[in-house]
Amino acid sequence: MKNLPDLKTSFAELIATPSISALESQLDMSNHGVVQLLHNWFSDLGFQCQSDVVPDTREKHNFVATLGSGTGGLLLAGHTDTVPYDEGRWQHDPFALTEQNNKWYGLGTCDMKGFFALVVEALKTLPLDQFKRPLYILASADEETTMNGAKAFAKAKSIAPDYAIIGEPTGLKPVYMHKGHLAQGIRVTGRSGHSSDPANGLNAIEIMHQVIGQLLKLKQHLADNYLENAFSVPYPTMNLGHVHGGDAANRICGCCDLHLDIRPLPGLAIEELEQLIIQYLAPVNSQYPGAINVAQLYPPSEPFAGSKDNSWSQLVAKLSEQQPEVVNYATEAPYINQLGCQTLVLGPGSIAQAHQPDEFIDTLYLDKTVALLKQLIYQACIK
């Protein structure tokens with residue numbers, strides 16, 4: 001452990017290592033620097049470390065560290081990437097850890113590179129030579145965009161832990177269920193022409209009017225047929241968030257675009273939801289063959305449903321002194337859960353600070369998180 005930095009230094013080194021992920025190539029960054037830091041720290045702790053290129057990424061890597069042998073054990077998971085930052089809106093340097101008013105500011109402090117520094121801190125005083133079951137650390141790529149890192153890791157099934165904690169900012173409350181997310185773009189292609197003679201064109205806005213009518217029927221179908229009262233909004237939501245078509249009042253509109261957002265409940269898979277959209281648009285498609293195109297705006301996220309009553313949820317609830325709850329945002333949990341483990345989302349900081357200028361973590365979380373992680377590791381790997 002001779003080369004391990006103190007907690008504030010490890011936070012600062014992670015924040016000073018940019019790892020933005022974005023669908024736009026000009027904003028997208030490598031996560032190599034973060035992976036290298038983690039490799040050095042966990043190697044010094046005695047972990048076996050490995051990094052693998054994630055398919056369908058711009059040479060991003062998943063990092064896995066393993067200590068101990070045997071079956072079961074615990075996986076502590078998080079993502080190496082951050083969202084882009086709003087240049088000019090930050091009062092602090094996003095890539096320099098700044099302490100002010102009992103807060104540590106910086107891009108990734110709570111969402112969520114700082115989690116890895118807290119894991120390292122927790123391990124410093126644990127009896128690492130007494131592990132009866134393995135401890136795994138996963139640092140994934142591109143959670144903020146495609147989730148391809150977690151998807152690839154789940155598909156490989158290289159480990160089979162009994163339990164998993166995903167360190168997203170939940171205020172140290174265990175989260176056992178969340179909705180998914182699907183964002184689609186619908187384009188209607190008509191034929192432009194002079195507005196004085198409608199027969200010479202095909203008005204894409206008028207067709208889109210019919211498309212929206214069918215989507216509103218689907219919206220009602222989702223609300224009527226899918227219910228989970230644990231959520232504050234207990235049904236799948238649909239939002240029509242953007243529509244644009246045409247360029248002049250005296251021209252027949254030749255093209256119209258609509259962007260929509262749907263948040264499915266557990267039990268409604270993304271593939272099933274996509275089929276429902278096609279099914280509800282089928283009557284309009286039949287009337288205007290080839291005029292309607294439906295495509296994903298960006299990769300979707302599946303909903304997640306664990307259990308608030310299983311042994312792991314109850315243990316974590318007891319140790320954290322917080323009851324298991326549900327949230328509306330999406331995480332890597334549905335993919336980690338495919339490993340066959342009892343999965344919870346739990347980490348320091350508040351989701352209210354994530355994706356915001358001047359992201360921060362309240363320093364009150366630091367000692368609490370380290371203490372809780374030590375208890376969780378002890379229960380899963382040593383006891």
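**View 1. Phe47 is a buried residue, with a relative accessibility of 4%.** The model shown here and in the views below is predicted. Phe42 is buried too, and its relative accessible area is 0%. Across the whole structure, a search finds seven aromatic pairs. One of them joins Phe42 and Phe47: the ring centres lie 5.3 Å apart and the planes stand at 75 degrees, over the 60 degrees that the class requires, so this pair is edge-to-face.

**View 2. Tyr85 and Phe95 form an edge-to-face ring pair.** The centres of the two rings are 5.4 Å apart, and their planes meet at 90 degrees. Both Tyr85 and Phe95 lie in the loop between strand S3 (74–79) and strand S4 (98–100). The pair therefore ties together parts that are ten residues apart in sequence.

**View 3. The charged end of Lys103 sits over the ring of Phe360.** From the charged end of Lys103 to the centre of the Phe360 ring is 5.3 Å.

**View 4. The charged end of Lys179 sits over the ring of Phe231.** Here the distance from the charged end of Lys179 to the centre of the Phe231 ring is 5.5 Å.

**View 5. Helix H1 (residues 7–15) packs with helix H3 (residues 114–123).** Two packed helices are described by the angle between their axes and by the distance between the axes. For H1 and H3 the angle is about 150 degrees and the axes are 9 Å apart. Because angles over 145 degrees count as roughly antiparallel, H1 is roughly antiparallel to H3. The crossing of the helices H1 and H3 is right-handed. On the H1 side, the residues in contact are Leu7, Ser10, Phe11 and Leu14. They meet Gly114, Phe116, Ala117, Leu118 and Glu121 in H3.

**View 6. Thr145 is a residue of the loop between strand S6 (135–140) and helix H4 (148–156).** Is Thr145 buried or exposed? Its relative accessibility is 16%, which is under the 20% limit, so Thr145 counts as buried. Leaving aside residues up to four places away in sequence, Thr145 touches Ser21, Ala22, Leu23, Asp81 and Pro299.

Methods:
Residues numbered from 1 in each chain as written. Predicted model: local features only at pLDDT ≥ 70, side-chain atom pairs only at ≥ 80, totals over all residues. Heavy atoms only, no water. Phe/Tyr/Trp six-rings, centres within 6.5 Å; stacked < 30°, edge-to-face > 60°. Buried < 20%, exposed > 50% of the residue type's maximum accessible area, 1.4 Å probe, protein only. Helix = DSSP H or I, 4+ residues; strand = E, 2+ residues; numbered from the N terminus. Lys NZ or Arg CZ within 6 Å of the ring centre and 35° of its normal. Axes fitted to C-alpha atoms, helices over the stretch in contact; angles between N-to-C directions. Parallel < 35°, antiparallel > 145°, perpendicular 65-115°, else oblique. Left-handed = near helix turned anticlockwise from the far one by under 90°. Contact = heavy atoms within 4.5 Å.
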